[in-house]
Amino acid sequence: MKHSSETTRHRTRHRTRPRIRRPRRGSVFAATAVLTVTVAAAPVAVPGPPPAAPAPPVRAPALPANPAYGALAPCALIPGEGLQMTEGLPTGPGYAPSAGTVKALTLMIDFPDIKGRGTARKRYAEFFPQTSRWFKRSSYGRLKYRSTAPIKHWLRMPHSFRSYGIKRGSPFEPGYRRLVADIAKVAGPKVDFSRYDLVNVLVTPNAGPPAARAVLSVTYSGNQRAPVADGVPLANVSFVYSRQDDGSGTLSKTGYRVLPHENGHVFGLPDLYTRRGGESAGHWDIMSEDWGAGNDLLAWHKWKLGWLGAGQVDCVARPGITRRALRPLGRAGGTKLIFVPVSKYAGYAVEARTNEGNDEAVCKPGVLVSWVDTQVDSGRGPITVVDSTPGSGGCTDERNVHPGLSDAAFTPGETFTGGALGTGVRVRVTERDSRGDYRVEITRYASGGGRG
């Protein structure tokens, strides 16, 4: 479910912004196979041999540099302003650290009118150690996620569930503020909140409607005006409600994945879905779809979180032809991301995806091209995956995987051609080598017109 940030980043004024909520899960179950691109002019996928070589490159003006990123500065897109959350780099202050050892406090709560179903220990076991393992694989070991549950029983709230007024789309004020304050008060004698980077609240699953009908799970991130406990604001708190059970019999294997999604917000990641579901990024990122078969994060997100070294990102900021080998995201080492910026806010990300690591639903391995725009808000599709086969209907039979984008990757012999703001971009996949890496040829050249 969507995050909500009480204090909005990258601007001087502070005011509560409305949350953009995910569509009901029913609309995801019934998603059509045709991708509808919501931008004015979508990138164009051109399978087959590349078109004729462009005219001799015209030297483009230098892009604004983000000095903290050294040689990669032109590709470190700056944050958009006035947004709930942004894809820009670096992530603003107030969020939980996303690399190194991160300490998570996990509490299991119930209410006088809705008592805990099963034991609190079993509720905890629905999410751990699976969540910690997911982050270890996704980060290549750069994030050591340590969850602690010092209170082994249900933590009973002093007021009824109904009294907090929690519904789908509830703002932080006043219900969640009261609930967070009550959690701090009841847990206070046994918990030192200052020792932790984030808080997970696992609500008894019988509180609220089934997730298949209405998803209540929510995260409040970077909220420096949250209630204070042990001298620190409880600024990064994820709430998880009923189980994400789609009836496929995979709950024990996949149900935990709502928590990595919610924790993605406390690390500063926006939602990639829109009000229409996963039409922008499909199942290629857990911030887009967190139900069903396992998936990972896009390479851009891994760079944003500090999980890719400088040598694993290639910045194509000048005209010319660049040839590189991309190591699939599910494997350690190698180049993971090639980025082509077209402005200080937007550009094209290129990465390789296969059915490895956290990715379990990749039915067409290959090279993924996506458009990143740091001026698009969370929940409005800040990243758009380019479909190499628009209108194909996809290649997946998995539930809760956006079918139209399941075969979005480009394979050897296929070419993407697009561009924006006077910059043309061509990505040609030449081969998959003996090591399993994808070799690509990227051409950046001067062009006219807008993105398309």
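Let's start with the disulfides: counting a pair of cysteine sulfur atoms within 2.5 Å as a disulfide, we get two of them. Before I go on, a word on where this comes from: this is a predicted model, where local features need pLDDT of at least 70 and side-chain atom pairs count only at pLDDT 80 or more, while totals for chains, interfaces and linings use all residues. Residues are numbered from 1 along each chain as its sequence is written, and side-chain values use heavy atoms, with hydrogens and water left out.

So, which cysteine does Cys 75 join? Its partner is Cys 315, with an S to S distance of 2.0 Å. That link is right-handed, with 90 degrees about the S-S bond. When I say helix or strand, I mean DSSP runs numbered from the N terminus, H or I of at least four residues for helices and E of at least two for strands.

Cys 363 lies in the loop between strand E14 (346-353) and strand E15 (366-373), while Cys 395 lies in the loop between strand E16 (383-385) and strand E17 (415-420), 32 residues apart.

Are these cysteines buried or partly exposed? With a 1.4 Å probe and protein chains only, buried means under 20% relative accessible area, exposed over 50%, and partly exposed in between. Cys 75 and Cys 315 are both buried. Cys 363 is partly exposed, because its relative accessibility is 32%, and Cys 395 is partly exposed at 32% too. Numbered in sequence order, the bonded cysteines pair 1-2, 3-4.

Now to the sheet that includes E11. Five strands make an open sheet in the order E11-E13-E14-E15-E16, with mixed pairing; two strands pair if DSSP finds at least two bridges between them. E11 and E16 are the edge strands, each pairing on one side only. E15 and E16 run antiparallel over three bridges, and Trp 371 has Thr 384 in E16 as its bridge partner.

Seven of its 10 residues are buried, so the rest of the structure largely encloses H3. Among the buried ones are Trp 134 and Phe 135. The buried residues of H3 pack against helix H2 (120-125), strand E4 (143-148), helix H5 (251-254), H6 and helix H7 (299-304), where contact means heavy atoms within 4.5 Å. Just after H3, Tyr 140 has a positive phi of about 60 degrees.

And what about H6? Nine of the nine residues of H6 are buried, so this helix is largely enclosed by the rest of the structure. Asn 263 is in H6, which spans residues 258-266, and Asn 263 counts as buried because its relative accessibility is 0%. Leaving out residues up to four places away in sequence, Asn 263 touches residues including Thr 131, Phe 135 and Ser 238. Following H6, Gly 268 has a positive phi, near 105 degrees.
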